[in-house]
Amino acid sequence: MPRVDVETLCSEIVDGIERPSIVVDLSETGLRVERPYTGGRTPPELQLEFEVPGVDAIIWARGVTCFDQVRQFRGGLLRTTGIRLAAAAARDLRLLRDFVVESRRAEAARDAMDSYLCFASAYARG
């Protein structure tokens, strides 16, 4: 699945307790979140609330943990969790799909323009 690098807020609700995190990438079917490591295990299922960048929308979803890693980061520990979206409103899933597709399309257009400008500047110097 194509992924889009983002930086947006997310809340995980575990046992009625809200834990803040940051979404670092999105796909049509999931997301990857990062947060400081505070101990304990990440549950196999999570309730999520996250923003779609650049769109005035918040998605509520249920997610299933795909991977959970703890690593050293700037003198502390950082937990990274991959989450597959298991349930959300159909409208929200369409919004997420459209966001990912359009973001990837815009990224491809920027890459093509960068390649063109690089070629054009090399040609102008030659």
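I began at E12, which stands opposite L48 in β4. A reminder to myself: this is a predicted model, where local features need pLDDT of at least 70, side-chain atom pairs count only at pLDDT 80 or more, and totals for chains, interfaces and linings use all residues. Residues are numbered from 1 along each chain as its sequence is written, and side-chain values use heavy atoms, with hydrogens and water left out.

Next I looked up the layout. The protein chain has one helix and six strands, taken as DSSP runs numbered from the N terminus (helices H or I, at least four residues; strands E, at least two). Their order along the sequence is β-β-β-β-β-β-α.

Then I checked the pairing, which requires that DSSP finds at least two bridges between two strands. Strand β1 (residues 4-14) runs antiparallel to β4, with four bridges joining them. On to β5 (residues 58-73): seven bridges tie it to β4, again antiparallel. Here E45 has V64 in β5 as its bridge partner. I followed the chain through the β4-β5 hairpin, which has six residues between the strands, and found G54 in the turn with a positive phi of about 75°.
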